[in-house]
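I opened this chain to work through its fold, its core and its backbone in turn. These are my notes, kept in the order in which I looked things up.

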Amino acid sequence: KVGWTTPLSTLFHDVKGNATIVDDCTIVITGFFFDGNGIDVKLYGAIDSNFGAAGFPIGPQLFNFPVGYDNETLSFTLPADKTMDDLNSISVWCVAASISFGDGVFIAP
């Protein structure tokens with residue numbers, strides 16, 4: 001899946017950016033915007049956008065209010081027990097509210 005990409009939809013809190021799988025355990029998001037608001041916000045991976053029932057966190061806490069993110073480049077490493085076969089979609093996911101602030105499904109180049 002190296003080279004697969006997805007734009008992040010803008011659902012809440014001004015989330016947008018472009019995600020790319022750069023190697024067998026790393027996703028890089030470029031042009032990342034997010035106002036930083038929410039409760040327990042993390043990048044989540046899942047199959048077929050099933051973030052609530054079968055999703056898993058990737059990387060650190062994204063909650064960063066009031067500073068937020070403005071056209072940032074962020075790199076996320078999969079947890080040791082996960083591979084790119086465990087996901088085809090990602091979300092800026094509010095864990096406490098079980099809602100996606102923005103998400104996308106990876107597509108091959």
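The entries below go from the whole chain to single residues.

**Ground rules.** I am reading a predicted model, in which local features need pLDDT of at least 70 and side-chain atom pairs count only at pLDDT 80 or more, while totals for chains, interfaces and linings use all residues. I number residues from 1 along each chain as its sequence is written, and side-chain values use heavy atoms, with hydrogens and water left out.

**Overall fold.** I looked up the secondary structure and found one helix and eight strands, taken as DSSP runs numbered from the N terminus (helices H or I of at least four residues, strands E of at least two). From the N terminus on, I read the order of elements as β-β-β-β-α-β-β-β-β. The radius of gyration is 12 Å, close to the 13 Å that the globule rule gives for 109 residues, so I note the chain as being as compact as a globular protein of that length; the radius is taken over C-alpha atoms, and the rule is 2.2 Å times the number of residues to the power 0.38. Along its principal axes, the C-alpha trace spans about 35 × 30 × 20 Å.

Of the contacts with a separation of 6 or more, 58% come from residues 24 or more positions apart, a contact being heavy atoms within 4.5 Å.

**Core.** I then asked which residues touch the most other members of the largest nonpolar core. In this core of 24 residues they are Ile27, Phe32, Leu62, Leu87, Ile90 and Val92; such a core is a set of buried Ala, Val, Leu, Ile, Met, Phe, Trp, Tyr and Cys residues joined through side-chain atoms within 4.5 Å. Among the elements giving two or more residues to this core are strand E2 (16-23), strand E3 (26-34) and strand E7 (89-94), and E3 gives the most, with four residues.

**Isoleucine 27.** This residue is found in strand E3 and counts as buried at 0% relative accessibility. Leaving aside neighbours within four places in sequence, I list among the contacts of isoleucine 27 Ala19, Ile21, Ile58, Leu74, Met84, Leu87, Ile90 and Phe106. Its C-alpha atom is separated by 9.5 Å from that of methionine 84, 57 residues apart along the chain.

**Isoleucine 99.** I place this residue in strand E8 (residues 99-105), where isoleucine 99 is partly exposed, with a relative accessible area of 30%. Beyond its neighbours within four places in sequence, isoleucine 99 is in contact with Phe12, Val92, Trp93 and Cys94.

**Backbone.** Most residues other than glycine have a negative phi, and most peptide bonds are trans. I therefore noted histidine 13, which has a positive phi of about 55°, lies in the loop between strand E1 (5-8) and E2, and counts as partly exposed at 26% relative accessibility. Serine 98, in the loop between E7 and E8, also has a positive phi, near 50°. A cis peptide bond, with omega about 5°, joins phenylalanine 65 and proline 66, and I find proline 66 in the loop between E5 and E6.

Terms used:
Buried < 20%, exposed > 50% of the residue type's maximum accessible area, 1.4 Å probe, protein only.
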